[in-house]
Amino acid sequence: MSSRGRSSSSRPTVNLEIGNTYRKIPYYDAPLARDGKTRKDHEWTLYVKAKEGSHYIDNVKFVLHSTFTPRTFTKNMPPFATKQTSYGSFCALVKVTLCDGTKTQFEYDLAFRRGGGATRHVVELKRSHMIGRVKKAAMPLCEQTTFGIEIELSIPESSRDVHGHLVSRRVNCIHAVPSERAPAGFWKVTSDSSIRCPAGRPNCQKVEIVSPVLTGGRGLSELHHVLQVIKSLSPAVNRSMGVHVHIGLRNFSFEGIKKICQQFVKHEDTFDQLVPLSRRGNGNQYAKSNRLAPQLATLSNKEANLKIARCRDVKELCRTMCPDRYYKLNLQAYHKHGTMEFRQHSGSTAYTKLGYWVRLLVAFCNNAARLPAPKSYLESSRSNLEDLCAWVIKDGGLQRHFRKRARDLSTQSSRGSSCCQDCSESSGFCSSSGCNSSVSSFREYRDLALLFK
């Protein structure tokens, strides 16, 4: 940091600006308050900025007047701001956590005048040696949204019985045929004939492990424990295996479910960047592209968005998004389990990968359902991770993790050997320029479909 950012004690400082923008709403255009009488004719955005850059702020918590429901809004990625309407001014409490872990708070009186207002503060970094070392953590997992997970894997023929080993490590589980449901709260261990053994293990045990209904941090802890137990059995995965995550839809309205589908179709390109080549596009028969579903493939982005929005019930939405269950986002699971299944993740027994993937999907579903219905991209535009995180995920910790994940996968996919391995399963071919599947994107597919229509 430059000398301007240092106090007399020689410790680095951060220059914070806390302020608000303001707009007066015409009286008859203003929304009504909960009493149905008072007009909320003041529109404002309360924000926090750091002169040295947004990376000096870890998170901001805005505590508003007691008449707001909810009254607390936490932002852990820029822009650190909350946009609201109200019928009067008040003093807000702004709690700021800086990049080194330093915590501070300020009271701020909203300025209802043209141009708004702002106050400036100099905050000393108490743990300046930690700058750049403190990694932004993902926000706590929502406790109201349930999830479940299905993990396909293999273990050596000589390995111990998976079910017996889990039971010996105090995991409530049963051994059952694939069609049998486990009692509430029990994991299920079953065989899976759809996957194949890894090279060098022709007689492996092909296994699927299915979780009970899980929720929040306790659910992630249970998943972590099971994966640690499995790790001692020398598990192996290959591209025939996947991880399927179910998100419970009990707390979502039908309109919310439609908005989740709209957001997924809009951002499917971005989700593709977060998984290996063999799970992208329309190349995997067990995780096909929703954007290339028969009723959406030949439509423009705008038409596809409207097609989903006009669905009248879950059955029609299923026909539009996924006529069978082998799509990245599978709504067929709604009729059997009351869930939405995400089938795109590759086979893995690594808790870091699976834990973050669950967090991503829970945040995606919760925010997509509560936010306004999305507008479609222009035909010349593509989804990207920054847009997905800024407008839907809204979690800086997840953004940091999946930025790295996307970079790592991009590096791997640029290697010729990895390319050819993925292409061998995707009906594609390898060239000196990399991996070229027979239909690499929904735009090419749509153009071909229109050509032969």
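Which hand does the link of Cys197 and Cys204 have, left-handed or right-handed? I opened the notebook with this, keeping in mind that the model is predicted. I read -95° about the S-S bond, and the link of Cys197 and Cys204 is therefore left-handed. The sulfur atoms of Cys197 and Cys204 lie 2.1 Å apart, and my search of the whole structure returned one disulfide.

I then looked up the accessibility of the two partners: Cys197 has 19% relative accessibility and counts as buried, the cut-off being under 20%, and Cys204, at 11%, counts as buried too. I also checked Cys365, which is in no disulfide, the nearest cysteine sulfur being that of Cys261, 9.0 Å away; Cys365 is buried at 0% relative accessibility.

Next I turned to helix packing. The axes of H8 (residues 351-370) and H9 (residues 385-393) come within 9 Å and cross at roughly 55°, so I noted H8 as oblique to H9. On the H8 side I listed Leu360, Ala363, Phe364, Asn367 and Ala368, and on the H9 side Leu388, Val392 and Ile393; by class, this contact has seven nonpolar residues, one polar and no charged.

For H9 and H10 (residues 396-413), I found axes that come within 10 Å and cross at roughly 160°, which means that H9 is roughly antiparallel to H10, and the crossing is right-handed. Leu385, Glu386, Cys389 and Ile393 of H9 meet Leu398, Gln399, Phe402 and Arg403 of H10, a set that I divided into five nonpolar, one polar and two charged residues. Cys389, at 2% relative accessibility, counts as buried.

How values were computed:
Residues numbered from 1 in each chain as written. Predicted model: local features only at pLDDT ≥ 70, side-chain atom pairs only at ≥ 80, totals over all residues. Heavy atoms only, no water. Axes fitted to C-alpha atoms, helices over the stretch in contact; angles between N-to-C directions. Helix = DSSP H or I, 4+ residues; strand = E, 2+ residues; numbered from the N terminus. Parallel < 35°, antiparallel > 145°, perpendicular 65-115°, else oblique. Contact = heavy atoms within 4.5 Å. Nonpolar A, V, L, I, M, F, W, Y, C, P; charged D, E, K, R; others polar. Left-handed = near helix turned anticlockwise from the far one by under 90°. Disulfide = S-S within 2.5 Å. Buried < 20%, exposed > 50% of the residue type's maximum accessible area, 1.4 Å probe, protein only.
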